[in-house]
Amino acid sequence: MKCVDKMAALLAPEGRLRFSINLGNPVLARRDDEGLEPYGVSVDIARALADCLGVQAEFVVVTSARQSFETVSSGWADIGFFAVDPDRSDRLGFTAPYLHIEGWYAVRDDSPIRTLAEVDQPGHRVALSHGSAYDLFLSRALKKADIVRAPNPQAVTPLFISRQIEVMAAVRQQLDSDMATTPGLRLLPERFMCIEQSLGFRRCFGPEVASYLSAFVEELKERKLIACFLERHAIGGATVAPSAKGEETAAA
């Protein structure tokens, strides 16, 4: 990697690189019951980037993608971990994806809904986390069903149950976790979207930083470190994104 000193000066002029860590997505980050520092794939990536630049990693911990977006775009953090989405691109730049995560629907066992096409019908409501990647996607994709938003991913299933909502949407891992403690639910037979996770950063950093961060992500993939991070934290159902070398990235 070239110009490390210059990149460190641009990204962390005080020697601290601030990362927004979203605990709302269990694929990326978690915190133990004692409330100590977060851990997970995004934390490992953050530490790797800070080490590469020779600076200290500082974590700003939030509980939803919406909070993480606001934290980075408003300047309270420098870099976050987001799904690439056009509704975020006016305020953030993105690298190419490093990880693919799947968005799924769940319904009650006795629900007549059996297919994805049956979700988007008049009278159906979909519970989901406010400001999440699947909220942004389904807000554009659903034409007939109504969306009911919970403040964070952990509040989706309680909202779905308490208000007798017809469908809920989340990343597969969150649904699997909730279904393990909430009987009487089932997944629909296929995903409704592939969520492309990337590094997001403030646009004011400019094209040099965008290029550096994109090269950093590609290096992590080439060295199979993303796969190692997934294995370290026993994350299933997510896959490493393919190489983006030779392509223009979303950050360009």
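**Exercise 1. Two helices crossing**

Task: In this predicted model, find the handedness of the crossing of α1 and α7. Then describe how the two helices pack.

Solution.
Step 1. The crossing of α1 and α7 is left-handed.
Step 2. Locate the helices: α1 covers residues 4–11, and α7 covers residues 206–222. They pack at an angle of about 115°. Their axes lie 11 Å apart.
Step 3. List the residues that make the contact. From α1 come V4, K6, M7, L10 and L11. From α7 come E208, V209, Y212 and L213.
Step 4. Sort them by class. The contact of α1 with α7 has seven nonpolar residues, two charged residues and no polar ones.

**Exercise 2. Helix α2**

Task: Compare the reach of α2 with the expected value. Then name its buried residues.

Solution.
Step 1. Helix α2 runs over residues 41–53, so it has 13 residues.
Step 2. From first C-alpha to last, α2 reaches 19 Å. That is close to the 18 Å expected at 1.5 Å a residue.
Step 3. Apply the cut-off: buried means under 20% relative accessible area. In α2 the buried residues are V41, S42, V43, D44, I45, A46, L49, A50 and L53.
Step 4. Look just past the end of α2. There G54 takes a positive phi of about 75°.

**Exercise 3. Cysteines**

Task: How many disulfides does the model have? Are C52 and C194 buried or partly exposed?

Solution.
Step 1. Use the cut-off: two cysteine sulfur atoms within 2.5 Å. The count of disulfides comes to zero.
Step 2. C52 has 27% relative accessibility, so C52 counts as partly exposed.
Step 3. C194 has 31%, so C194 also counts as partly exposed.

Key
Residues are numbered from 1 along each chain as its sequence is written. This is a predicted model: local features need pLDDT of at least 70, side-chain atom pairs count only at pLDDT 80 or more; totals for chains, interfaces and linings use all residues. Side-chain values use heavy atoms; hydrogens and water are left out. Helices (H or I, at least four residues) and strands (E, at least two) are DSSP runs, numbered from the N terminus. The expected span of a helix is 1.5 Å times one less than its number of residues. Buried means under 20% relative accessible area, exposed over 50%, partly exposed in between (1.4 Å probe, protein chains only). Axes are lines fitted to C-alpha atoms, for helices over the stretch in contact, and angles run from 0 to 180 degrees between N-to-C directions. A crossing is left-handed if the near helix is turned anticlockwise from the far one by less than a right angle, and right-handed if clockwise. Contact means heavy atoms within 4.5 Å. Ala, Val, Leu, Ile, Met, Phe, Trp, Tyr, Cys and Pro count as nonpolar, Asp, Glu, Lys and Arg as charged, and the others, Gly among them, as polar.
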